[in-house]
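Please keep the sequence and the structure in view while reading.

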Amino acid sequence: MLKETPPFSVLSAGLAIALLLFFLALQVASDQPWLGFSAERSAEGVRVVRIDSDGPAAGLLHEGELLLAVRSGAGSLVLESWDAVAEPDDAREYAVYNRFFERHAQLWAILHGDGLQLQIQTPSADAAAPSVTRWVDLQPEAQRGLTQLPLLFWYQVGCGLAVLLMGVAAWAFVQTERGPLLYALAGLAIAVAIIASAVYTTRELTLAPDWFLLLSRANQAGAMLFAGTGTALFWYYPLPLGRFPIERVMVPVVLATLAGNWLQWFPDLDMAVRYPLLAWFAVDILFACIQWRWTRYEPVARARLKWLLAAWFAGAFGYLLLVIFPQVIGYPSVAHQTHAWAFFVLTYLGIALGIVRYRLFDLDRWILLAWFWFAFGVLFIVLDAFLILLLDLETSMGLLVSLAVVGWVYLPIRQGFLLWLAPDNPRGALHQRLPRILQQAFEYQRPIPAQWCKALQEIYDPLRIEQTDEVVRQPEIRDNGLRLAVPAVDEGPAQVLSYAAGGRRLFDRKDLDFCQQALTLFSYAQQYHHSYQTGVISERQRVARDLHDDVGARLLSVVYRAQGSDELQQLARDCLRELREVIQGLQKGAVQLQQSYARWQAEARERCRLFGLALDMQLDPAARSWLLSPRIERNLSRILREACSNTFKHGAASRVHVRLRLADERLILEYQDDGGGLLADRLEGDGVGLSGMRQRSEELGGEIVWWSPLEGGLAMRCEIPLGGGQQT
């Protein structure tokens, strides 16, 4: 683990480095003769583009004129268009690169000679008339003041300092990981490249030869170190791809590339500068793909990777696509590097916010669409440039053809590719989840908190659901999206869900909103359920009273009047007993399984005792709190009673085994005795009460089977879906 330093110390050191680079850039940029005008490369030569109103060239030169030559007591030089190029690295061959610096060394000496003169050509308004050429005496001032530095200089310096400080800020607060350290080092490297570019790309005519070459090489070194450090960043962050310290390879490769460039071992600057940058970017993509696969079950690491990919590749890809790649294929850059530095500022701004504050909850919703819209804009620009440059179209015609191709070809392809590439939503659509939530709410066989917990499990598929004693009034995201705290329902405890979608993603605000909606719907459904149950219970009580007052009274009269006939009196008493059981069932609401089990066990034990059988009856502890509707409770009671009656009458058994358990939300009643069993034809028939048991099971949406085990006896298995069948 890296040694931690107080963030204030790290930020102070970063600020000191930033100030050092800032004042060094000011010193070098201002320590040159002030000519009072700026020039740029054009097809005709070196063209004057800006004249300072209070500078030495004011009134002597005019914008749009061509600068043909310079002379002084130190010599003379006929200027070429390439002399005014802002970035010498735009050259492809080393011969052009070397000649550029040789000519600027002569130009620097001429500017410091006595009697400086400039040869100026004023273009004629009439194309047939010859251009006017004149020599102008110019007396440069010793230094270029800070107010004379152009806006482009301050823009580039600002970009470099912003990248440096944001990189340092990210590392200052996350020093325990190697990734932010490499991120900060990459920021320092690209800051050096940008600030060096700010000095030599905003020169008036030239710079001191030693400083010019040094700044150009500092720009190359910063860009190459940035590329190599970025690759190392993807090796370590967010998960280490291996124990091997990748910097042991990265640093020698970068140094060897720079040495080969400066010693000119490569055949050209493409091989020395541009191809290595593209190669580092290709390795970045490879490492990013590996990171993507390795973080599929690490939601926090995956969120960090998404943020890093969105910011890093947007900047690097944008810069390479608009600046480097066109030069590789032989075309001028779409955007000059002096303006393209903004890509790196956006990169570092995004990553700094993501690492320091780590607010990543909205990534899953917009990251892919943001990438596609960015790619759409870039490809539209490239397509328009392609049509104009290669097909030699007018700008307006190229734009018109571009719009036609984009509207009729590109947009349909892009939309289809977006739909194909977009990952499936593991949470499902809202309308697809609502029916299941309502079904959970109306299942009253389990306690309400258990139903809510099961609904949460099916909606979010968390790795773990824990109960908490704390009061949770509103759903809230915790631990950077690792957990979701959910309020209690009914009298149950609050829940804390951990690791959504089986650990493959974080909880986000969409989950938060849907949880609140599900909580409201569940509450409404439960209230309706309670109202419905109240109505059902009231109706049952009314029917029970009517049966008791009317049918019960008449059966009791039959019992008294049948005293002379024992058979008729016994039949009437049996009917009266059955009626009382029905009335008791109607008067009861849903009961817990353990209460019914206690009554069933007492009855079965007493009957087995009378017939001299041993009873082994067990209840699965997980099923104790499940609720049984009166119909389920009554039918199971009859099935168990009839099974025992068959054993007593036909089995000749000495022991009975009964077990009640749960499996996949089905209540399973297993019954077995050690008697003589039954033949296959009798098992398949409707005798010995089997038909009645089958009908009671089917009435509940279940099934029942009988068989005679090899060791003897009769076995029965009855499965009842607790959420199925008739529930009244």
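## The largest cavity

A cavity is a set of grid points where a 1.4 Å probe fits but cannot get out. The model discussed here is a predicted one. Under this rule, seven cavities of 30 Å³ or more are counted. The largest cavity holds about 380 Å³ of space. Its lining consists of 29 residues, and those nearest the centre are Ala 223, Leu 277, Tyr 319, Leu 320 and Ile 324.

Which helix gives the most to the lining of the largest cavity? Helix α8 does, with seven residues. Helices α4 (178-200), α5 (209-236), α7 and α8 (299-328) each contribute at least two residues to this lining. Sorted by class, the lining of the largest cavity comprises 18 nonpolar, six polar and five charged residues. Domain 1 (7-29 + 150-360) and domain 2 (33-142) each provide at least three residues of this lining.

## The second largest pocket

The second largest pocket contains about 790 Å³ of space. There are 31 residues in its lining, with Glu 40, Ala 84, Val 85, Ala 86 and His 336 lying nearest the centre. By class, 12 of the lining residues are nonpolar, nine are polar and 10 are charged.

Strands β1 (37-41) and β2 (46-51), together with helices α7 (269-294) and α9 (337-340), each supply at least two residues of this pocket's lining. The most comes from β1, which gives four residues.

Strands of a sheet pair through backbone hydrogen bonds, in either a parallel or an antiparallel manner.

Strand β8 is joined by three bridges to strand β9 (residues 483-486), and the two run antiparallel. Within this pairing, Arg 478 has Arg 483 of β9 as its bridge partner.

## A sheet of five strands

A further open sheet consists of five strands in the order β12-β14-β15-β17-β16, with mixed pairing. The strands at its edges are β12 (614-619) and β16, each of which pairs on one side only. Neighbouring strands here are turned by 10° against each other on average, again with direction ignored.

Strand β15 (residues 666-673) pairs with β17 in the antiparallel sense over seven bridges, and Gln 672 stands opposite Ala 715 of β17. Strand β16 is joined to strand β17 (residues 715-721) by five bridges, also antiparallel. In that pairing, Ile 704 stands opposite Cys 718.

In a regular strand the side chains alternate between the two faces of the sheet. Which residues of β16 form its covered face, and which its uncovered one? In strand β16 (residues 703-707), Ile 704 and Trp 706 make up the covered face, whereas Glu 703, Val 705 and Trp 707 make up the uncovered face.

## Individual residues

Gln 156 belongs to helix α3 (residues 151-173). Is Gln 156 buried or exposed? Its relative accessible area is 0%, so Gln 156 is buried, as the cut-off for this class is under 20%. Gln 156 and Thr 201 are 45 residues apart in sequence, and their C-alpha atoms are 9.8 Å apart in space.

Some features of the backbone also deserve attention. Tyr 237 and Pro 238 are joined by a cis peptide bond with an omega of about 5°. Pro 238 is situated in the loop between α5 and α6 (247-262).

Gln 264, which is not a glycine, has a positive phi of about 60°. This residue is placed in the loop between α6 and α7, and Gln 264 counts as partly exposed because its relative accessibility is 29%. Tyr 499 likewise has a positive phi, near 65°. Tyr 499 lies in the loop between β10 (494-498) and α15 (509-561). With a relative accessibility of 24%, Tyr 499 counts as partly exposed.

Terms used. Residues are numbered from 1 along each chain as its sequence is written. This is a predicted model: local features need pLDDT of at least 70, side-chain atom pairs count only at pLDDT 80 or more; totals for chains, interfaces and linings use all residues. Side-chain values use heavy atoms; hydrogens and water are left out. Two strands pair if DSSP finds at least two bridges between them. On a 1 Å grid over the protein atoms alone, a cavity is a set of points where a 1.4 Å probe fits but cannot get out, and a pocket is an open set with protein on both sides within 12 Å along at least five of seven lines; lining residues have an atom within 4 Å of a point. Grid points are joined across faces, edges and corners, and a volume is the space filled by probe spheres set on the points. Ala, Val, Leu, Ile, Met, Phe, Trp, Tyr, Cys and Pro count as nonpolar, Asp, Glu, Lys and Arg as charged, and the others, Gly among them, as polar. Domain bounds come from an automatic or database domain assignment. Buried means under 20% relative accessible area, exposed over 50%, partly exposed in between (1.4 Å probe, protein chains only). Axes are lines fitted to C-alpha atoms, for helices over the stretch in contact, and angles run from 0 to 180 degrees between N-to-C directions.
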